[in-house]
Amino acid sequence: CFFDLDDFKAIRAEHPEVKINDVLLAVIGGALRYYLDARDSLPDASLVAGCPINVGTEADAEQGRGNLLSLMTPYLYTDIEDPVDRLLLIHQSTDQAKAVVEKIGSRAMTEIPMNLPAPVAKNLYPLLAGIALRTEALPYNTMVTNVAVPKAPLYLAGARLVRVLATGPVIDQSGVFHAGFSFDGVVSIGFTACRRMLPDPQFYAECIEASFEDLKRAVLGTTA
């Protein structure tokens with residue numbers, strides 16, 4: 001699904017405390033609510049996102065270290081119908097998660113065992129897969145990653161890059177991976193899904209678009 005980055009920025013401008021990533025999570029939360037409600041499967045409790053974050057510092061980058069990965073697990077507030085309320089609650093959830101990183105320290109956050117309330121891991125995917133096998137439970141329902149490419153335009157052998165699409169792997173018990181990408185004024189939201197857990201991806205894509213239009217209408221008063 002493709003959206004105008006200016007619309008995301010306009011929504012954020014109406015609520016300056018929120019981030020673009022909060023808007024993305026709010027759209028995904030609304031989409032999951034639409035999808036599950038249409039299938040009579042919407043749980044009373046909110047679903048949870050697993051969001052990989054880089055907790056490395058500039059010093060780490062200067063010394064040639066790769067990204068130090070941690071995992072933020074904000075609520076998606078799929079139990080909240082109002083899109084603006086969902087957006088503001090998601091911002092509170094992500095803000096609290098970031099505060100935990102700052103308080104504990106980025107280095108320590110990469111070493112905390114995954115069975116703690118704020119799960120983190122240095123080698124993210126292998127560890128998550130191992131925990132899924134050992135505990136038969138993950139601390140989140142869907143993975144959501146968001147990447148921005150600040151430089152545009154980009155070219156390869158003279159051909160201009162016009163769209164960026166991202167995919168991510170699904171693992172046991174987490175059947176949908178959401179990947180957001182912003183590049184050259186366009187936000188793309190793609191998802192990779194287990195066919196048995198999400199057998200109708202086209203309908204889910206429609207849910208993503210409907211969720212975005214709901215949020216845009218509620219915040220800006222228009223979908224045009």
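Analyst: Helices here are DSSP runs of H or I with at least four residues, numbered from the N terminus. The model is predicted. A salt bridge is counted when a side-chain nitrogen of Lys or Arg is within 4 Å of a carboxyl oxygen of Asp or Glu, and by this rule there are four salt bridges.

Arg217 forms a salt bridge with Asp214, with 3.2 Å between the closest N and O atoms. Both residues belong to helix 7 and are three residues apart, about one turn of the helix. An α-helix has 3.6 residues a turn, so residues three or four places apart point the same way. Arg217 is partly exposed, at 42% relative accessible area, and Asp214 is partly exposed as well, at 23%.

The cut-off for buried is under 20% relative accessible area. Asp7 has 18% relative accessibility and therefore counts as buried; Lys216, at 5%, counts as buried too.

The side chains of Arg160 and Asp184 form another salt bridge, at 3.1 Å from N to O. This pair links distant parts of the chain, 24 residues apart: Arg160 is in strand 6 (residues 159-160), while Asp184 is in the loop between strand 7 (176-183) and strand 8 (186-193). Arg160 is partly exposed, with a relative accessible area of 44%. For Asp184 the value is 35%, which is also partly exposed.

Ala31 is part of helix 2 (residues 20-38) and counts as buried, at 0% relative accessibility. Beyond its neighbours within four places in sequence, Ala31 is in contact with Tyr204, Cys207, Ile208 and Ser211. Ala31 and Thr78 are 47 residues apart in sequence, with their C-alpha atoms 8.5 Å apart.

Helix 2 itself has 19 residues and reaches 27 Å from first to last C-alpha, close to the 27 Å expected at 1.5 Å a residue. Just after helix 2, Asp40 takes a positive phi of about 55°.

Notes:
Residues are numbered from 1 along each chain as its sequence is written. This is a predicted model: local features need pLDDT of at least 70, side-chain atom pairs count only at pLDDT 80 or more; totals for chains, interfaces and linings use all residues. Side-chain values use heavy atoms; hydrogens and water are left out. Helices (H or I, at least four residues) and strands (E, at least two) are DSSP runs, numbered from the N terminus. Buried means under 20% relative accessible area, exposed over 50%, partly exposed in between (1.4 Å probe, protein chains only). Contact means heavy atoms within 4.5 Å. The expected span of a helix is 1.5 Å times one less than its number of residues.
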